[in-house]
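The interface comes before the individual chains.

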Amino acid sequence: MGGFKHENEEVNLPERLNIGVIKYFWQSSPYNPSKKNTIPHFLRNIVVFKDFSDYELYILSKFIHERTYENGEIIFKQGDLGIGFYLIYYGNVEIIVEKENPLSTSSADSMEYSLVTCLENKDYFGELALLQENSIRSATAVAKNACKLIGIFKPDLDELIRVHPVVATKLLQSVSMIIAERLYSITKEVKILKYKLSKMEQLNENEVK
Amino acid sequence: MKMKLNSNKGKKIFFFFLLIVISIIFIWSLPRLSIPLMIAYVLYLIVEPTIPQLLKLGVERNLAVIIIFLSLAIISIIPVVALVPTVKMEVENVGIYLPKVETYIKTKYEEIQLVVLQKAGVELNNEYFKNAIIYISDNLQKIIINIPKLLASLLEWLLVIPFLLFFFLRDGFSFKRIILKLVPNEIFERTYYLSNELNKKIGDYIFAKFIEASIVGTIIFVGLLLMGVRFAFLLGIVAAFTNIIPYLGPFLGLLPAIILGLVEHGIQSPEFSGILILYLAANVIDLGFVFPILVSKMVNLHPIIVVISVIVGSHYLGVAGMIISIPLAAAFKLVVAQIYFEIFGRG
């Protein structure tokens, strides 16, 4: 590659420009606003929001709430009224289900908790609350360590529908996709269970004979 | 698997409620602040539904608020400029007119007294009547004496309310977000849900009532104007304002019109029956067409609850209490239902 004339002297540039180095110096400038840690950037990396344009993510980011939780803090409780859909910005969240233990005598001990799943960064939960009227939480969510969540709540969705219908539609599409996928896997599981049940019934009948 | 859930967040919740209680007491104890705040909030609720319409057209929020604000200013200035002479004349006339009403009532009373004496042989006591007249004229004097004071605070409001309204419209969205940031995690979802429902209920109610009142007021004003009855504009405004009070309002609005009709035209005149028919027609239109269309927006309360809350409201806060009792009752119902579900679970 050649050089270019600067005033009267010729400046020789290296054969290949090291883009990485230039990029490093450009981005390390204190005046360069880093966009890596902003909410739209975070939302961009979430699979269910892949159909959103950058501007739509920017609008969506104005309607969400950032909430921080300490270790062991309850995010929502089973049986409570739920209005929020949460994404995990950082930290871990445990989803647990309360089961009443009929054997235990004291009321404080009668509740038993069983872990359903442990969620991490970029996972989401509580999406049903966004679609259901008077949704009741079917499980309890607890922060396992210090974590930051991004919440989208029903009133925000209503406002989004009122002001930015296109973004609202895309959000609803994303949430519907999550639910459709879940429904699909549940249907599959039901099929397998039904098959197993019929097998067991057959076995039972054979034994009786 | 067993685990103990960490729910020792009492301090945060206590702090949050303390903050709310202190700010409510602070604002309540300063009527000079709370009244303009409340009026600005009501205006905000009436105007706010227009903002999304402009935002959908691609107008920026700031510009949308400025457009709404300017059009509101123009809309409210034109009638004020055009109607100030009329209203001034009508108010002055009312001042001249009141003694006429007084003498009319006196002569009527004497007539009735005579009739009762002839028919039943009982002389009616004059004391009650005299006391009533003294009471009314005393109160009127008090109002007239207080007018300069009222005008001074009105001037203050004229500056403060638009200022507050502008920032409510511009920053209401972010204000809400900042306040929500303070809500402790434990009660966040419930608080957000409840505050949103309350706001929606009160907003819908005020918006619906505003439209209903302006329709009724316009019908009365135009009707009276066409019939050539005096004080058409004042009576229209009175009808619009009293219409806000449920059930009792239409009768309260009718009262000054009946007195005027009796004094001015007499009970057998066509104007008197015309006034009655007009008020009847306005209320039939209101109940038959306006109310059913807006009723979905109204709060869902049983008529008995409505009447009880209006009586309670009038007992503590007078006419203002009658007007705000309904949304307050609806809000109360919502909060109580929420607490009930919290304690007894959702069946």
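## Interface between the chains

Chain A and chain B bury about 3,100 Å² between them, and carbon and sulfur atoms give 52% of that area. Buried area here is the accessible area (1.4 Å probe) that two parts lose on being put together, summed over both. On the chain A side, R67(A), L81(A) and Y113(A) lose the most area to chain B, together 21% of what that side buries. The contact takes 39 residues from chain A and 30 residues from chain B, where contact means heavy atoms within 4.5 Å.

The count of salt bridges between chain A and chain B is 4. A salt bridge is a side-chain nitrogen of Lys or Arg within 4 Å of a carboxyl oxygen of Asp or Glu. R190(B) forms a salt bridge with D80(A), and the closest N and O atoms are 3.6 Å apart.

## Basis of the model

The model is predicted: local features need pLDDT of at least 70 and side-chain atom pairs count only at pLDDT 80 or more, while totals for chains, interfaces and linings use all residues. Residues are numbered from 1 along each chain as its sequence is written, chains are lettered from A and ligands numbered from 1 in the order in which they are written, and side-chain values use heavy atoms, with hydrogens and water left out.

## Chain A

Chain A has 6 helices and 12 strands. These are DSSP runs numbered from the N terminus, helices being H or I with at least four residues and strands E with at least two. Of the 209 residues of chain A, 35% count as buried; buried means under 20% relative accessible area, exposed over 50%, and partly exposed in between (1.4 Å probe, protein chains only). Among contacts in chain A between residues at least 6 apart in sequence, 74% join residues at least 24 apart.

Strand β11 of chain A covers residues 140–143. T140(A) and V142(A) point one way from β11(A), A141(A) and A143(A) point the other way, and all are buried. Strand β4 of chain A (residues 74–76) runs antiparallel to β11(A), joined by 2 bridges; strands pair if DSSP finds at least two bridges between them. V142(A) in β11(A) is the bridge partner of I74(A).

## Helix α5 of chain B

I143(B) lies in helix α5 of chain B. I143(B) is exposed, with a relative accessible area of 53%.
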